[in-house]
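The exercises below are meant to be worked through with the sequence and the structure side by side. Try each task before reading the solution that follows.

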Amino acid sequence: MVLEFIPVAELAEIPPGRSRVVRVSGAAIALFNVDGVVYALDNRCPHEGGPLGDGELEGATIECPSHQWRFDVRTGACAHDPSVRAKTYDVRVEHGLIFVEASRLS
């Protein structure tokens, strides 16, 4: 199976330690730059739907601004209950562009 990646943003738009929300195929995706590596999560917190991309990024942990639930942006796992996970997306960075794997978008 060949994975299809689609471009969603320029790497220069998201400096290390920052995040940005993009809309792709109707989905809101939160992109996080952790020490030069970009990760992508569904922007909707699995707890109560808060906007993860608007949260405070500390290292590889994002805190939902709605109810302070914390998630590892690398895995989507919730810090206090690893069985709760934010949806993750595979990411590639090529030639300064950030690509997200398209088959997981919905």
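**Exercise 1: Surface and charge**

Task: State how much accessible surface the protein chain has, and what share of that surface belongs to carbon and sulfur atoms.

Solution: In this predicted model, the accessible surface of the protein chain comes to about 5800 Å², and carbon and sulfur atoms hold 45% of that surface. As a next step, turn to the charged side chains: the chain carries 10 positive and 15 negative ones, and the centres of these two sets lie 3 Å apart.

**Exercise 2: The fold as a whole**

Task: Work out which secondary structure elements the protein chain contains, and in what order they run.

Solution: Begin with the count, which comes to zero helices and ten strands. Read from the N terminus, the order is therefore β-β-β-β-β-β-β-β-β-β. The radius of gyration of the protein chain is 13 Å, close to the 13 Å that the globule rule gives for 106 residues, so the chain is as compact as a globular protein of that length. Along its principal axes, the C-alpha trace spans about 35 × 30 × 20 Å. Of the 106 residues, 42% are buried, and among contacts with a separation of 6 or more, 38% join residues 24 or more positions apart.

**Exercise 3: The setting of L97**

Solution: First place the residue, which belongs to strand β10, residues 97-101. For a distance, take P16, which is 81 residues from L97 in sequence and 15 Å from L97 in space, C-alpha to C-alpha.

**Exercise 4: Two positive phi values**

Task: Where do D35 and H95 lie, and what is the phi of D35 and of H95?

Solution: Most residues other than glycine have a negative phi. Against that background, D35, which is not a glycine, has a positive phi near 55°, and it lies in the loop between β3 (27-34) and β4 (37-42). H95, also not a glycine, has a positive phi of about 55°, and this residue lies in the loop between β9 (91-94) and β10.

How values were computed. Residues numbered from 1 in each chain as written. Predicted model: local features only at pLDDT ≥ 70, side-chain atom pairs only at ≥ 80, totals over all residues. Heavy atoms only, no water. Helix = DSSP H or I, 4+ residues; strand = E, 2+ residues; numbered from the N terminus. Rg over C-alpha atoms; globule rule 2.2 N^0.38 Å. Buried < 20%, exposed > 50% of the residue type's maximum accessible area, 1.4 Å probe, protein only. Contact = heavy atoms within 4.5 Å. Areas by Shrake-Rupley, 256 points an atom, 1.4 Å probe, with all protein chains shown as cover. Lys, Arg positive; Asp, Glu negative; His and termini not counted. Charge placed at Lys NZ, Arg CZ, Asp CG, Glu CD.
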